[in-house]
Each structure stands twice: as structure tokens, then as C-alpha cells.
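Thank you all for coming.

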Amino acid sequence: MSLVKYEILNKVAEVSSFTKAAEALGLTQSAVSHAVSSLEKECGFALIHRSRTGVTLTSEGQTMLRAMRQVLDANELLQQEAAHILGVTRGKLRIGVISSISSNWMPEIIRIMDNQFPGIQVELREGDYYEIEQWLQGGVVDAGFLNGQKSEQFQFIELVQDPLLCIVSNQSSLYNRAEIDIAELEDMPFIMTSYRGTNDVKVLLEQYHVKPNIRFELSEEVGIISMISHHLGISILPRLVINRLPSSLKAIPLKQGGYRTIGLAMKHQASPVTKKFAEILSAWLKEK
């Protein structure tokens with residue numbers, strides 16, 4: 001077995017396609033197919049289930065890929081440590097991001113890293129908190145943004161406390177308020193954020209025993225804002241996701257406060273490249 005074959009299987013599992021994996025790796029489809037078949041012969045069992053809709057890992061393939069990713073991670077760490085000893089910062093960095101971070105923070109952070117450390121190759125993978133935690137546990141990403149400490153497997157660096165604000169339209173009775181008591185949201189038509197993992201808005205409402213009338217649950221903030229713009233309800237959203245509200249909407253602080261804690265989770269024995277990213281990110285946030 002070889003690292004190249006491990007990398008090929010890892011990419012096939014990531015994109016669920018031989019063709020897309022070949023394009024991403026700069027190989028032919030036949031080379032990818034041959035590498036996977038060779039791995040299956042060496043293992044003695046099927047790793048991939050092939051169908052008309054694409055390819056998926058077998059249960060044995062999932063088990064083997066977890067072990068292969070550990071080998072790939074160890075090899076990447078070995079190369080980074082060697083470069084670090086030579087005084088050169090280089091290597092691959094895979095980061096799990098939520099949408100508000102990818103749009104608000106990452107463009108500037110990547111620009112800084114490209115200028116200061118052109119040898120670091122940054123890969124972003126966008127998902128919700130649950131997906132990012134799963135990627136961290138499975139070795140799919142090296143670091144990820146979460147809304148609180150999720151596992152003893154990771155070290156968690158708290159970065160910011162992002163305020164939760166009430167979003168209302170100009171037809172709402174709450175529109176002219178300087179602040180809103182969360183108790184006033186009881187039974188009001190409400191557009192709830194919907195994603196897997198700890199839902200900061202639901203936690204806040206439960207903390208104060210408030211039960212709004214949930215009309216819709218949407219995972220995309222753009223959809224929630226559109227619903228409010230059409231006067232179909234109100235919502236609570238983090239400040240980071242509402243930088244460009246329509247003029248007919250207003251973000252109003254809650255009397256009780258409320259925020260989500262955003263932090264960076266990474267392995268306890270993080271690679272030099274991951275540590276460098278955490279340093280740059282923390283320094284940038286302090287200057288904001």
C-alpha cells in the first residue's frame with residue numbers, strides 16, 4: 001500500500017466520484033479506478049460501492065479510510081515539522097468553516113497568509129457545526145470553527161462572543177424599540193434557524209422559557225431575512241450574518257443579552273501550519 005493510493009481513495013470518498021477525484025488530483029479516471037482496485041486487492045475486500053448515482057464507501061472502506069487518514073495526517077505533520085526545523089513554514093491546511101466565517105473572516109485571513117506564508121496551501125470546507133465536528137473527528141479537516149467546546153479530543157481557542165440580535169421588519173410592532181425583552185417574543189410568528197449541532201437561538205429561548213410561534217425553520221440566513229422582509233415573522237440571528245440588512249429591516253439588541261461563542265477547534269498535537277493559522281487569526285481579531 002502507498003500514500004498515493006491513500007490520497008486517491010480519500011479524494012474519491014470526499015467527492016463521491018472517480019471522475020471528479022481524477023480532475024481534482026490531475027489524474028486520469030482510469031488511474032484513479034486502478035489505484036482503488038489495487039487497494040481493494042491488497043486489502044482483500046471491497047472498499048467502494050459503485051452505482052449509477054456515484055460511488056460510496058463500504059462499511060469496511062469507511063473503517064480503512066479512517067486509518068488511512070491517520071497515516072496521511074502523520075505524513076503531512078512529518079513534512080511540516082521538517083520544514084519548521086529548516087525555518088520554513090509550508091504545508092496543507094484544511095479548515096472547516098461556517099458560512100458567516102467564510103464570508104466575513106476568511107478572505108482577509110487567507111490574503112494575509114498568502115502574503116506572509118505562500119508555502120501554506122489553505123483548503124476550506126463549509127458546513128454546519130455538526131458536520132465540522134464530524135470532520136475533525138474523522139481527520140477530514142485540521143481545524144474548524146465551532147460554537148463551543150465540543151469534545152475532549154480537541155483543544156478549543158475561544159475567539160469572539162457574537163451577539164444575538166432580534167431581526168424585525170418595519171411593519172413589526174417592535175420596530176422602533178431600542179431593545180427587546182425576549183419575553184415579548186412569546187407566541188410571535190418566528191423564523192427559526194435550523195442546523196445540526198447546538199442551536200444558539202434555541203438555547204437562548206429555552207433559557208428564558210420563551211416559546212415563539214415557529215412558522216418556518218430554515219438553514220440559510222438569506223432565506224430567513226427574505227421571510228422577514230416579506231413580513232412573515234421575526235427572528236434572532238448572530239451579528240456576523242447580518243452585515244447587509246435591507247433598509248426595511250432592523251437588528252435590535254435583546255434586553256437579556258445573548259451571544260454565540262465562536263472558537264477554533266483543533267487537535268491537541270496540532271501541526272505547525274495549524275498553529276500558525278491560529279496565531280494569525282487571533283492577532284487579526286485583536287486588531288479589529
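I will begin with the protein as a whole and then turn to particular strands, residues and loops.

Please keep in mind that this is a predicted model, in which local features need pLDDT of at least 70 and side-chain atom pairs count only at pLDDT 80 or more, while totals for chains, interfaces and linings use all residues. Residues are numbered from 1 along each chain as its sequence is written, and side-chain values use heavy atoms, with hydrogens and water left out.

Let me start with the overall picture. Along its principal axes, the C-alpha trace of the protein spans about 65 × 50 × 35 Å. The secondary structure comes to 10 helices and 11 strands, where helices (H or I, at least four residues) and strands (E, at least two) are DSSP runs numbered from the N terminus. Of the 288 residues, 45% count as buried; here buried means under 20% relative accessible area, exposed means over 50%, and partly exposed lies in between, with a 1.4 Å probe and protein chains only. The protein exposes about 14900 Å², and carbon and sulfur atoms supply 49% of that area, which was computed by the Shrake-Rupley method with a 1.4 Å probe, only the protein chains shown counting as cover for residues.

If we take the contacts in the protein with a separation of 6 or more, residues 24 or more positions apart account for 70% of them, a contact being heavy atoms within 4.5 Å. As for charge, the mean positions of the 29 positive and 32 negative charges are 3 Å apart. In that count Lys and Arg are positive and Asp and Glu negative, with His and the chain ends not counted, and the place of a charge is taken as NZ of Lys, CZ of Arg, CG of Asp or CD of Glu.

How many disulfides does the structure hold? The number is zero, a disulfide being a pair of cysteine sulfur atoms within 2.5 Å. Among the cysteines, Cys43 is buried at a relative accessible area of 17%, and Cys166 is buried at 0%.

Now please look at strand S11, residues 259–267, which is mostly covered, seven of its nine residues being buried. Which way do strand S5 (residues 143–146) and S11 run, parallel or antiparallel? They run antiparallel and are joined by four bridges, and within that pairing Leu146 has Gly263 of S11 as its bridge partner. Strand S6, residues 154–169, also runs antiparallel to S11, with nine bridges joining them, and here Gln155 is partnered with Met266 of S11. Two strands are said to pair if DSSP finds at least two bridges between them.

Leu264 has its place in S11 and is buried, with a relative accessible area of 1%. Although Leu264 and Phe145 are 119 residues apart in sequence, their C-alpha atoms are 4.7 Å apart in space. Leaving aside neighbours within four places in sequence, Leu264 is in contact with several residues, including Phe145, Gln155, Phe277 and Leu281.

Another buried residue is Thr193, at 5% relative accessible area, which lies in strand S7, residues 189–193. Not counting residues up to four places away in sequence, Thr193 touches Asn199, Val201, Lys202, Leu218, Ile224, Ile236 and Leu237. By contrast, Glu123 in strand S4, residues 120–126, is partly exposed at 27%, and beyond neighbours within four places Glu123 is in contact with Lys92, Leu93, Arg94 and Ile95.

Finally, the loops. His209 lies in the loop between helix H8 (200–207) and strand S8 (213–218), counts as exposed at 68% relative accessibility, and has a phi near 55°, a positive value in a residue other than glycine. His231, in the loop between helix H9 (221–229) and strand S9 (235–238), likewise has a positive phi, of about 60°, although it is not a glycine, and is partly exposed at 34%. Gln256, in the loop between strand S10 (249–253) and S11, is partly exposed at 27% and touches Ile180, Asp181, Ile182 and Tyr208, once neighbours within four places are set aside. The C-alpha atoms of Gln256 and Ser37, 219 residues apart along the chain, are separated by 59 Å.
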